[in-house]
Amino acid sequence: MSTEAPPPRSTEDGRPPGPSPEEFAAVQESPEFAELRRSYRSFAFPLTVAFIAWYLLYVLLSNYAGGFMGIKIYGNVNVALVLGLAQFATTFLIAWWYSRHAATALDPKSEAIKSRMEGTE
């Protein structure tokens, strides 16, 4: 198996093809890119804060509300076990929700910016 990659393509002046640093800076300052960042931040930051708060609530209840966490719900299943399993469920739910959000709201915007930068529009 060969580990050698073909040499990168280059333009007449020896630079690799693609956008210049100035073009990257212009795109970074564009309203389209600002909308992409806003769309990402408006989804990711609130969910991150909510999940951390939910996790800290679970930890605090485990440490300081042992009587509440020990309440039996069914057989040997208590509140602590249910809330602990809910931590896993919310983790997977948030990951699924984010992938859906990225596919519908972020990916089309980023693909438009990428194709414009690469000149393949």
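Student: What makes W97 count as buried, partly exposed or exposed?

Tutor: Keep in mind that this is a predicted model. W97 has a relative accessible area of 41%, and since buried means under 20% and exposed means over 50%, W97 is partly exposed.

Student: How do you know which class F43 belongs to, buried or exposed?

Tutor: The relative accessible area of F43 is 12%, and because the limit for buried is under 20%, F43 is buried. Across the chain, buried residues make up 17% of the 121 residues.

Student: Why is the pair of F43 and W97 called edge-to-face?

Tutor: A pair of aromatic rings is described by the distance of the centres and the angle of the planes. For F43 and W97 the centres are 5.2 Å apart and the planes stand at 80°; rings pair if their centres lie within 6.5 Å, and planes over 60 degrees apart count as edge-to-face, so the pair is edge-to-face. F43 lies in helix α2 and W97 in helix α4, so this pair ties together parts that are 54 residues apart in sequence.

Student: How many aromatic pairs does a search of the whole structure find, and what makes Y40 and Y98 one of the edge-to-face kind?

Tutor: The search finds three aromatic pairs. In the pair of Y40 and Y98, the ring centres are 6.4 Å apart and the planes are at 85°; the distance is set against the limit of within 6.5 Å and the angle against over 60 degrees, so this pair, too, is edge-to-face. Y40 lies in helix α2 (residues 31–64) and Y98 in helix α4, so the pair ties together parts 58 residues apart in sequence. With relative accessible areas of 39% for Y40 and 32% for Y98, both residues are partly exposed. Ring pairs link Y40, F43, W97 and Y98 into a cluster.

Student: Why are α2 and α4 called roughly antiparallel to each other?

Tutor: Their axes come within 10 Å and cross at roughly 175°, and because angles over 145 degrees count as roughly antiparallel, that is the term for α2 and α4. By class, the contact of α2 with α4 has 20 nonpolar, seven polar and four charged residues.

Student: How do you know which term applies to α1 and α4, roughly parallel or roughly antiparallel?

Tutor: Helix α1 (residues 21–28) and helix α4 (residues 79–118) pack at an angle of about 150°, with their axes 11 Å apart. Because the threshold is over 145 degrees, α1 and α4 are roughly antiparallel to each other. The contact is made by E23, F24 and V27 of α1 together with I113, R116 and M117 of α4; by class, these are four nonpolar, no polar and two charged residues.

Terms used
Residues are numbered from 1 along each chain as its sequence is written. This is a predicted model: local features need pLDDT of at least 70, side-chain atom pairs count only at pLDDT 80 or more; totals for chains, interfaces and linings use all residues. Side-chain values use heavy atoms; hydrogens and water are left out. Axes are lines fitted to C-alpha atoms, for helices over the stretch in contact, and angles run from 0 to 180 degrees between N-to-C directions. Helices (H or I, at least four residues) and strands (E, at least two) are DSSP runs, numbered from the N terminus. Angles under 35 degrees count as roughly parallel, over 145 as roughly antiparallel, 65 to 115 as roughly perpendicular and the rest as oblique. Contact means heavy atoms within 4.5 Å. Ala, Val, Leu, Ile, Met, Phe, Trp, Tyr, Cys and Pro count as nonpolar, Asp, Glu, Lys and Arg as charged, and the others, Gly among them, as polar. Rings of Phe, Tyr and Trp (its six-membered ring) pair if their centres lie within 6.5 Å; planes under 30 degrees apart count as stacked, over 60 as edge-to-face and the rest as tilted. Buried means under 20% relative accessible area, exposed over 50%, partly exposed in between (1.4 Å probe, protein chains only).
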